[in-house]
Number of protein chains: 2
Amino acid sequence: MTVAEGAASALRVPVELEGRSYDILIGRRLLDDPAAWQGLPRASSVVVVTNDTVAPLYADAVEDALRRALERPVSRIVLPDGEDHKDWPTLQSIFDGLLGSGCDRRTLLVALGGGVVGDMAGFAAACFMRGVPFVQVPTTLLAQVDSSVGGKTAINHPLGKNMIGAFHQPVRVLADLDVLRTLPRREVAAGLAEVIKYGPIADAAFLDWIEAHVDDLVALDPAALAHAVRRSCEIKADVVAQDEREGGLRAILNFGHTFGHAIEAGLGFGEWLHGEAVGCGMVMAADLSVRLGRLDPAELPRLERLVARAGLPVRGPRLGAARYLELMRHDKKAEAGEIRFVVLDGLGRAQVQPAPDALLVSEVIDAHC
Amino acid sequence: MTVAEGAASALRVPVELEGRSYDILIGRRLLDDPAAWQGLPRASSVVVVTNDTVAPLYADAVEDALRRALERPVSRIVLPDGEDHKDWPTLQSIFDGLLGSGCDRRTLLVALGGGVVGDMAGFAAACFMRGVPFVQVPTTLLAQVDSSVGGKTAINHPLGKNMIGAFHQPVRVLADLDVLRTLPRREVAAGLAEVIKYGPIADAAFLDWIEAHVDDLVALDPAALAHAVRRSCEIKADVVAQDEREGGLRAILNFGHTFGHAIEAGLGFGEWLHGEAVGCGMVMAADLSVRLGRLDPAELPRLERLVARAGLPVRGPRLGAARYLELMRHDKKAEAGEIRFVVLDGLGRAQVQPAPDALLVSEVIDAHC
């Protein structure tokens, strides 16, 4: 498989949502190709929201392409990098920048960065003047295969991750595979956690494929990446199209996330990468599925091995089971204090259900921390 | 016309929105009637968001009715009263309260208060865990006839009013006419500004009716109030059903608001009541319509007289035309720095259009300040 360069040869994954459908374009050399920016809503101005790590690498190229494609004024807002800045003061700095430069309801925002930038620029777009359009330009693997697709935006609250946010769909997602080459290895691994996730919850054959190509993915082979990003986006787009606002099905995308969020919150956001916590959380959630008699015990070491080969931790921090349970009760999936888990029904199928009993969950935690 | 008491005899105005339709119930003694609270979405808990002026008057009665009707835990968050608290720190205090008391995605919020409480509790409901249901219980005339209906929620930014917000429809609106009896005269007048508004923009016959009954309305006659609130809500519901997200038509509801927002922002939010600024702003917008040759000059003194009889100011503060223009360029309806006005096309019809020229607008400002 060869992967050609430029928008003309980009893979296109449509996200079908009534009145808000959009395309994910996946390919090489997309960012600086004006063709990738054609056909967007008419804008009065464009603001690129990025962070101080990504800006020096890609902001000039993106802005040049935007100016050529849209022929509108383009400006830039640079946020501090990191999950610990995914908070109100940083969001407020986006609003200050937008209002200070005379932006209006026709301003187009462009989120250029990883999941944090996408969540914050997306939430800013959701709230600014009650909603302006935005484009996601994910520059991490995790953002390309997960957070940039589906319209979830949010900031953190001291009492929980992503507690304040909105569903606000982008008008386009541009996943440029070349930008992944500047990614630290740890970030690549974190992204692979979400790629792996799609296998157990929705597509056992894709899990087989990942097992066969995990070394290529770790090595950032373009053809392997193109397939992994496309298949991940296809599965996510399919789930989101069926349940945009997470009334039911969409929650399966949180496989591993209940344990993972507890790890992130317990250590303090930013200590582990989100994908690292999810990698470890998937192993714990698979173990819970085994203990519930819903998953063949042989699949647990198989998944654990794959997570480890991707470069992800498979043992959680020793916070103690009681602390894990307390943190999980604050998870957004919890209802009336009842923790809810995504449980596998064999490989390739998942569903959300209440925690069976605290003792069983404690055993899982003790076994993996 | 007599107005019976209790939910069974309440007037019902449906707001038709695909997948998000809801009813406005208008009547006497609704708040403490459990029947008025039946048929809401299943909730895990209920939180009444109110302010320190309204809480001592109505919060106990509302909470008792909620407990009896829903049989769920009911708690209370009390905000400081006033437009100058319609900001992020106050919003954050709502999130702190919700998360601190273990609320989840099935928590129902109840906004008990005027427009500020409705805007803030509504925006909190829009953002908390990316959206929870809420009921509007407007306790001012202005909120009953305008701000509680249609799903606009927001907080202010130092650079502009309602700049940060969301469209989030309530699941019900309860407009209890009896609560208006505890309203200061100035607040009643402010509400009448929005009632009057519906005449010139949509229903000349309703304007005739208001002229004939303005003294009854000022005196809070229940039958007159019931008709005024119902007809106002009907017109607003009709406009919102056609254009929920203000792509076009809905903007006519902002008649008088471009000038009005400049008055509010120029004096500092909270100095004039919103309705007072709108009352004066409508006179200025009508004058602009006359100067554009779109409205019979005889209608201007007629509207000015009605606004004055309602107890509202008809002369704006002397900020200077240049300052007005600068403030209006930051209005949300502005596009690429071009101010947009709601202009009357004769009585009972309105449309939004760009400012004709700054000189004409300056003349209007100078004539009324």
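Chain A averages a pLDDT of 94, and 99% of its residues score at least 70; pLDDT is the predictor's confidence in each residue, from 0 to 100. The model is predicted, so local features need pLDDT of at least 70 and side-chain atom pairs count only at pLDDT 80 or more, whereas totals for chains, interfaces and linings use all residues. Residues are numbered from 1 along each chain as its sequence is written, with chains lettered from A and ligands numbered from 1 in the order in which they are written. For the complex, the predictor gives an ipTM of 0.91 and a pTM of 0.92.

Select 7–182 of chain A as domain 1 and 185–368 as domain 2; such bounds come from an automatic or database domain assignment. Their C-alpha centres lie 26 Å apart. Domain 1 of chain A gives 33 residues to the contact and domain 2 of chain A gives 31, residues being in contact if their C-beta atoms, placed from the backbone, lie within 7 Å.

Next, select strands S1 (11–15), S2 (22–27) and S8 (160–167) and helix H4 (141–147) of chain A, the elements that give two or more residues to the domain 1 side. Helices (H or I, at least four residues) and strands (E, at least two) are DSSP runs, numbered from the N terminus. That side of domain 1 has 17 nonpolar, 9 polar and 7 charged residues. Ala, Val, Leu, Ile, Met, Phe, Trp, Tyr, Cys and Pro count as nonpolar, Asp, Glu, Lys and Arg as charged, and the others, Gly among them, as polar.

Now turn to chain B, where the contact takes 30 residues from chain B and 30 residues from chain A. On the chain B side, S8(B) provides the largest share, 6 residues.

Note on methods. Two residues are in contact if their C-beta atoms, placed from the backbone, lie within 7 Å.
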